[in-house]
Structures are given as structure tokens and as C-alpha cells.
Amino acid sequence: MTDVSLDPTQRAYWTSDQDVRWCPGCGDYGILAAMQFLYAELAEDPATEVTKENTVFVSGIGCAARFPYYMDTYGMHSIHGRAPAIATGLAVARPDLDIWVVGGDGDMLSIGGNHLMHALRRNVNLKILLFNNQIYGLTKGQYSPTSEVGKVTKSTPMGSIDAPFNPLSVAIGAGASFVARTHDLDRKHMMATFKAAHAHKGASLIEIYQNCNVFNDGAFDAINKRAARAEMMIDLVDGEPIIFGAEDQRGVMMVDGVAKIVEVADVGLDAIAVHDAKNPNSAVAFTIAQLANDRQSPTPFGVFRQVESPEYAEAVNNQLLAANEQQGPGDLAALLHSGATWDVA
Amino acid sequence: MGPRLRLGGIAHGPALFSRHIFGNKGDQVTDTADRLEAQGIHAVVIRFAGDSGDGMQLTGDRFTSASALAGNDLVTLPEFPAEIRAPQGTLAGVSAFQVHISDHDIHTPGDEPDVLIAMNPAALMSELGRLKSGGTIILNTDAFDERNLEKCGYEADPRTNGTLDDYIVHEVPMTKLTLEAVTDLDVKKRDAERSKNFFALGLICWMYTRPLEPTIDWVEEKFAKNQTVVDANVLALKAGHAFGETTEMFADQFEIHSAPQDTGTYTNITGNVATAWGMIAAGQQAKLPIFLGSYPITPASDILHELARHKNFGVRTFQAEDEIAAVGSALGAAFGGALAFTTTSGPGVALKGETIGLATSMELPMVIIDVQRGGPSTGLPTKTEASDLMMALYGRHGESPTPVIAAYSPSNCFDMAIEACRIALKFRTPVILLTDGYLANGSEPWKLPDPATLPDISVEFATEPNSTDANGNPTFEPFKRDEILARPWAVPGTPGLEHRVGGLEKADGSGNVSYDPENHGLMTDLRQAKIDGIAEDIPLAEVDSVDGAKLCLVGWGSTWGSIVAATQRMRESGVPVDRVHLTHLNPLPPNLGDILQSYEHVVVPELNKGQLIKILRAEYLVDAQGVNKVKGLPFTAGEIIDAIQTMTGVQA
Ligand SMILES: Cc1ncc(C[n+]2csc(CCOP(=O)(O)OP(=O)(O)O)c2C)c(N)n1
Ligand code: SF4
Ligand SMILES: [Mg+2]
């Protein structure tokens, strides 16, 4: 019998020996499996150079944040909201590492909103997975910054009042260079999305619609249940017209700079917007992200935006190299003598 | 022949220390030829004060540098307003710089200035109370117009209404003389006036026989991009110097000879720069790259600024979005194998608490530097205080023991930065280093250490499995401890040692998440025992003792200078007093209890309401008494002596 835990192209190789402790039926299981399968797949291509020892998962606190325990790589389960900041330090100190950040909607957008925003604008080489279940799972079901208005929870018995964040609008607004959405029911789509992020240099933000079957069951049923998908999921394919529907009968058209859903028959295929993830102007990606402002509307999935921009850790390290060139390698004795000195004989 | 002292135009009043100066007012000089011969004095305290726009910090700093180069011992006390642009001419806008220079070993910036340079009425009003009676005042008399007098609330002109009767006053039209000095330059009047601080500096340099060259060199380098500014400042400087030399107003020049110092090379250093250099040295001695995560805050920002200049030492500085990200990024870097720091002041430490607790729980090395300032809340951002001790010791949730050490002088910040790293690396723990605003901005001459004599603080990363599983296969247990209870530091990139750490309780050894009650008790005890064990690894407390002392002064941090001066003065007046100064506050040196128990009186001066004293009482059941000051200023030696006399009846 061969030991599959010794073969990097096997899922088991990337799976830690810890028992997974999410509730049975939780969407997090599917996301974990997608990641483990992805690494098995990446390992088949030597050019990816993936290794256990060079891979790190950093998470905050929440159900989602348990993720690192289940990957047989390096990992840190840190504190609530701070994973993007901690991972930034790690990435700057160790640009050689392959670093993922994992957190929930509360972790990333409430307590950690500030850090998320700054990791994105700095374009640190981090792949950030935002498990959006539109609820606080770990603390047993309070509403979150992505919950819909009117959400009744233990902390909002009369319904929540505050308007939710659209996580992708936040990310695009913060200048993220890679922005994507996927969902927990489609392993292939998750793997493809994670893989694209893995290949991207800079910060990537991937929102994953994730079902919390205990505290917010069916939050995305209207969109990603098999029967609903054709009419409710808009698949963004770079270079292709943005069309969807069982007969590809609907599409997205830009009207005065705003993305609108139209019937293809009404406007003609030529009027339908062609998806351009590399568009340097983020306004288009922003307006497409706005299509998902409620869970009853057709919702785009895939890579919204993927642009090249200078990566932060590399820039930091380039400054070190430049300083070394300009000032010479650090010499402690010379540093100590760099001010005005005098001798006492 | 010893130097002769003749005091003419400048009076130095009653001596502060008995040996402060020799001679007295009786030694008047009349002979003009003689007059130009510099008079030897032992020490002087000069206070430069003006509007924050007047450049007094720079003036003080330059005078200090010139004095340092002359080989004097010195201690400085810069004091500036919290507002960058307080309304001009108001009390709120007064910025002052005090320097104590001496031909012998000194430890404080001086209790009372001998000389006050006041660039405007507000400076005079705010600073006059500190001046020694009979002291010397040099006024920029041009600034004493009605508007300026009114702005700071003088109802009558202090120059003429008797306010200054007890002092020797020199009125110098500095603005006018500066303008005259630069008439040949093509500068606007407003710009030209700005050089008046260099006029004042030139004058003081003349009085204390400081050469102008170091200042001129500095001006040329500093303002290299603007030749007109160089010229204006140099002309003003020279004009001030010439004014001293040629006017009858200043009868005398004073010379303070170099202080007897150990042989070696010296530089003048502030606490913040010493801290930054200590961090760099620690990186070299640990053979690790340095990472600093920081968010700007007074009075700590200069450490970030200084480190950012030295990237060629492999230093990565990261200005984070807030203090939580600053400490978080440092912890991430530590996980990656860097020598990680975060620098801040009290408000920042309050924000960092949760992350420091995570570092304590994950047992990763990291150094948190708290440059303390007046609190609570925003408090007195530019003033000194030592009121974060309790926060450093206990300011985290749960049982989270954390080593705390404190620097006692500007140059000692260098050594303590290295010591903080040594403990952090060896024991795999966050360490808090306390300095304060007074140390941070104050300066003193520092005999440069030979890098070859610095301690080797390098540690080994784990590279091999340290255990075997049930089937005999090699495994890695991240929480399997060594003999000092430190756990292995295995950094990402090391094959075979992949592991997960976090803030959840970890099973002893394996580090897997554990909710077992017994294990939690055990891990809590182990974490405590590890930190307690550091006591065996630090220097014993040393007593500076004399025969027959029944009283011991116990200090920590920047009160060192004032306590040493108070101790010396009491001994000189015949009262035997001992003293102990603590650098390690958690854990405390193991011999401290026995030391304290051997005295009739234990007195603890602190720039807070009594924080160390609570620890000493709790740990050692000693009936210690506190001397406390919370005014944003360091102690004067006199304050400590007075308090001892009142409390204990021990007479000096
Ligand atoms: C400083 C701090 N505040 C609050 C908490 C409690 N807490 C833990 S997880 C969480 C929210 C979890 O929601 P989310 O981030 O959406 O993750 P999920 O559990 O839904 O995956 C909260 C409020 C904490 N652990 N730390
Ligand atoms: S509470 Fe919800 S999110 Fe958390 S593990 Fe259970 S199902 Fe998943
Ligand atoms: Mg959630």
C-alpha cells in the first residue's frame, strides 16, 4: 500500500492530522477540500514550486479562521480581525513564502476592516479568502456587516438597521489588484479562482459565499442552488461578453457608466459589455460588483479585476538592496561613529 | 596652577553642589587684558527658551554638541509644547532646552538653571520661576513690545518694574543685530529674523568658550541646498560671538574644562537614537534581520525615523495603519524568523495588549518598546512620565506573564535594547522595554562600545524533528520545551517542521488545540515558570552603598540621574544613604528581597503615583515609602532630598 501522505499530488498530503470541527453540513468543508485539492493539483506542475514548508495560512478568529489547523502547512490562528496585518509582517519579512489569509465576514470587515483595506491598498503578496456567510457563526448568530437590512438575530430582535457592505466594492475601492467571487458549492470554480489568485502577484481578495447551515442557512439558496444557478449566476469570463441565463438570453450592458442587466434580444449582442478584468480603470469592476447588492439579483462570479501593480514586500526589499548599494553593507562600528565624536586619551 | 575664577558680569549665584563652582562674586576682575582670559568653572546649567518658532531646540542641541566635543560631561532636558504651531508669543508656545555641562561626572539636567536665554516675554514669564536666584538672564529685548507683553499677560514691562531685580539681566537687541549682520545678503526681513537663534548661540558660545567651527560645519551641511540660509545663519552666529567679545556688557568668558572620562571615543547620544542603534546592534549580534512595525507617536517616532535610515543593515521598517497592525506585523515577522520590534508610547501599548498576549501564548520572541509619556489618554504627549509600569506588567488579559525591563539613561537605552532582545530570543517571549520622553530626547556623552565586546545573542532555529509518534516516525512538537522551558522556534520554510500555532490553549508538547482543564493549568504554570526562571539569567541587583546607611533609595528608569545626584549630595552632607537601581522589573533580581529587608527605610522615588512601590510591598512585605511626582518633568535632586527629610526625618 502506498502512503498517499507522501505524495504531494494527493489531497492527503496537504491534510493535517487534526479533526475538522465545523458543524456537519457547514460550507467551510467544501472550501477546505477545494484548497487541499488545489495544492495537490499545483504540485503536479513543478513550475508552481509549491511545498508544504513554504506555504502558510494565517487566520483571525471565527469559524472560518479555524482553517489553518486543517492544512498540513505552516499556519497561525491569530486574533480577531488582525490576520491581514500579521500576514503583512510575515510577507515583508519573508517574501519567499506563499501566504494565504483566511477569515469570516465579521473578522475581515468589522473588527479587521481597517487591516483588510490597508493590505489591499499596499498590494502585499497575500491571497485573502473572505468566507462570507453573512453572519457571526462562532459567536452563535449575531448579524454581521454583510447581513441584509432587517436581519433578525439575537442581537437584533427587531431587525438590523445598518446597510451591509458589498465586500467586493470595498476591495475595489481600496485599490485591490485582484478581486474575485466564488461559492462553496462549486469546487471546480473555487479551485480555478484560488489558482488564479495563487498565480497573481500582489494582494488578492476572494469573497466566498459560504453557507452557515446553523445560523444563516440558505442565505445564498436563491443564487447558487443548482436550480437557480443558470438564471442567477453571472459567470465573468475575461474577454467574453457578460451573458447569462439558461439560453444566454440576458447580459450586462454599460449604460452611462453603470452596469445594467438587459435582455440580449433587446439590445443585440454587440451592446453587451465584454468583461475586461485587466481594465486599469476600476470603475467598471466596481459597477459590476454593485450588481450583487442584494441576494435576489443575478450575481456575478469569477475574477472581477486582475491588474498588475507593484507588490509591496518586493518594493520593501528593493529599498533594502538600494540602501545596501548606496550606503554599503551595514557596519556597526561605522554607525556608532557616525555622529560627532571626540577622543579622550 | 588651577583655573582662577572671576565672576564679573555673569553671576552664578549660590552653588548648587558645594563643588559646583569655586570662587564667588568677590573675585571681581577689572583688568581688561585679564578679562579676556577664560575663567574656569566646573559646571553650568543653561536654559534656552523662546517661542516654538524661534528654534530653541536647535540652539540648545548645537550648544550641546559643541560642549560634547569640548569633552564636557552633560545632561540635557528638551521641553517643547504639544502643539506644533501654538499661537506665536503665547505661554503655550514656549519651547525650552536645558543643558547641564560640567567638567565632572553629572547625572541630571540640573535642578535650577544658572543662565536663562529668553527670546520673548512669554519665555521669560514661563521660565523665570525655575532660574536660580541671582542667576543670569539674557533677553532678546527686541521682542519685548507691548503686543508680546500682552500676549503672555504681563501687565507691566518686567524689565523695568522690578521683577528682575534679583537677577543679572542683559538686554540684547538680538533681532536688530541679526538684521544688521545680514544686510549684505539678499534676504527678506522676515527670513533674516529667523537667524536670531544663531545670534544667541554665538553669544553663548563666546561666553562658554565654545568654538564656532562645529556649528558652522553643521549649518553648511544641514542647509547645503540653500546657500543664503547658510550665510545668514553663519553671519548671525559670528555676530553673536563678536557681540560677546566686544561689548562691555559681558565682562567674562567661562571655560568648562573637559570632564575626566575613561579613555575612548565618545559621542553625544539621545535615548531614542541609542535605542535604535541598540536594535541594530541586536540584529547583528543575533545574526537576524530586523523588522520594526510602528505607528507614529510622540515621543517614540524618532526610533522609527532613525531605523528607517539604516536599511543597509537589513532593517525592514513598516509604518502600519495603526498600533494593532504595527505589533501584529511584528508578530508575523517574528513567526517568519525576524528579530521583531514594535515601538510606541502608552496609548499605543494599550492598543497592542491583545497581540502581546497572543505572542505570550504562542511563545514567539518580540520586543515592545514603550517610550512613556504623561497620561492618561493623550495626557502630556511631549512630557515625560513613568506611569506605564503597571500596564507593562499587567496590562493584558488572562495569566500572561511578560518580562519587563527599563533603561535608566539615554546611552543605557542601547544596552537595554540588546538585553530586551537577548531575553526575547532566548526565552521565546515578548519583552517590554520601558524608556520615557526624558531619556528619549535627552542626551549625554557616551563612550562608544567596541562592537566586538557586545554579547552574542544568537539562537538556533529548529531544523529537525524533536519527537516520534506512536509508530516511531519522527515528528515535530512545537511546544516541547528545553531546560529553560523555551520552546523550539521553527520558521516557515523548514521542511518537516510544519505546524500550526495560535491563541487557543495548546496541549503541552504537541501544541495541538486542547480544552483539557489539567493541561490548561499546566500550561499556565509552565508559561509562568519560564518567565520566573529568567531571574536566574539576569544580573543581581547591585547596591551603591556606604558605611552606616540605614536608608536605601530604590529607583527604576530615568530617575537614575536624580537619585544618584541626591545620594551624592546627602552623603556629602554627612548622611549615609544607599541606593539600588532596577533595570529588570519582571522578573526582579533574586537578591532584591534580602537587600530591601536590611534597611530601616526604603524610599522609592517614581515619576508616577507609586507603581513599583506596590510591587515591592507585595513581593517583599517591605514598608517602603514613595516619593512621587507627576508633572511631566523629571525629579530634581533637591526634591528627592526634601521628600526624604520630610518622610523619614533623616536630615541632609
Ligand atoms: C477581540 C475579540 N472580540 C470579539 C471576539 C468574539 N468573536 C469571535 S469570532 C466573532 C465573529 C465571527 O464572525 P465571522 O468573522 O463572520 O466568522 P464566522 O464565525 O462567521 O466564520 C466574534 C465577534 C473575539 N474573539 N475577539
Ligand atoms: S456555526 Fe455556521 S459557520 Fe460555524 S461551523 Fe457551524 S455551520 Fe459553519
Ligand atoms: Mg461570518
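Modeller: A residue counts as buried when its relative accessible area is under 20%. Keep in mind that this is a predicted model.

Biologist: Which residues coordinate the magnesium ion (ligand 3)?

Modeller: The ion is held by A:D105 through OD, A:N133 through OD1 and A:I135 through O, at 2.1 to 2.2 Å. Along the chain these donors have the spacing D-x27-N-x1-I.

Biologist: Where do A:D105 and A:N133 sit in the chain?

Modeller: A:D105 is in helix α3 (residues 105-111) of chain A, and A:N133 is in the loop between β4 (127-132) and α5 (167-173) of chain A. The pair is 28 residues apart and links distant parts of the chain.

Biologist: Is A:D105 buried or exposed?

Modeller: Its relative accessibility is 1%, so A:D105 counts as buried. A:N133 is buried too, at 7% relative accessible area.

Biologist: Switching to ligand 1. Where does it lie?

Modeller: Ligand 1 lies between chains A and B. There are 17 residues around it, and A:C63, A:D105, A:G106, A:D107 and A:G137 come nearest. The biggest share of that shell comes from α3(A), with four residues.

Biologist: What is the shell around ligand 1 like by class?

Modeller: It has seven nonpolar, seven polar and three charged residues.

Biologist: And which oxygen contacts does ligand 1 make with A:D105, A:D107 and A:I135?

Modeller: One ligand oxygen is 2.8 Å from a side-chain N or O atom of A:D105. A polar backbone atom of A:D107 is 2.7 Å from an oxygen of ligand 1, and a backbone N or O atom of A:I135 is 3.1 Å from one. On its own ligand 1 has 580 Å² of accessible area, of which the protein covers 76%.

Terms used:
Residues are numbered from 1 along each chain as its sequence is written. Chains are lettered from A and ligands numbered from 1 in the order in which they are written. This is a predicted model: local features need pLDDT of at least 70, side-chain atom pairs count only at pLDDT 80 or more; totals for chains, interfaces and linings use all residues. Side-chain values use heavy atoms; hydrogens and water are left out. Donors are N, O and S atoms within 2.8 Å of the metal (3.2 Å for Na, K and Ca); water is not among the atoms, so sites may look incomplete. Helices (H or I, at least four residues) and strands (E, at least two) are DSSP runs, numbered from the N terminus. Buried means under 20% relative accessible area, exposed over 50%, partly exposed in between (1.4 Å probe, protein chains only). A residue is near a molecule or strand if one of its heavy atoms lies within 4 Å of it. A polar contact is a pair of N or O atoms within 3.5 Å; within protein, one must be able to donate a hydrogen and the other to accept it, and residues adjacent in sequence count only if both atoms are side-chain atoms. Accessible areas come from the Shrake-Rupley method with a 1.4 Å probe; for residues, only the protein chains shown count as cover. Ala, Val, Leu, Ile, Met, Phe, Trp, Tyr, Cys and Pro count as nonpolar, Asp, Glu, Lys and Arg as charged, and the others, Gly among them, as polar.
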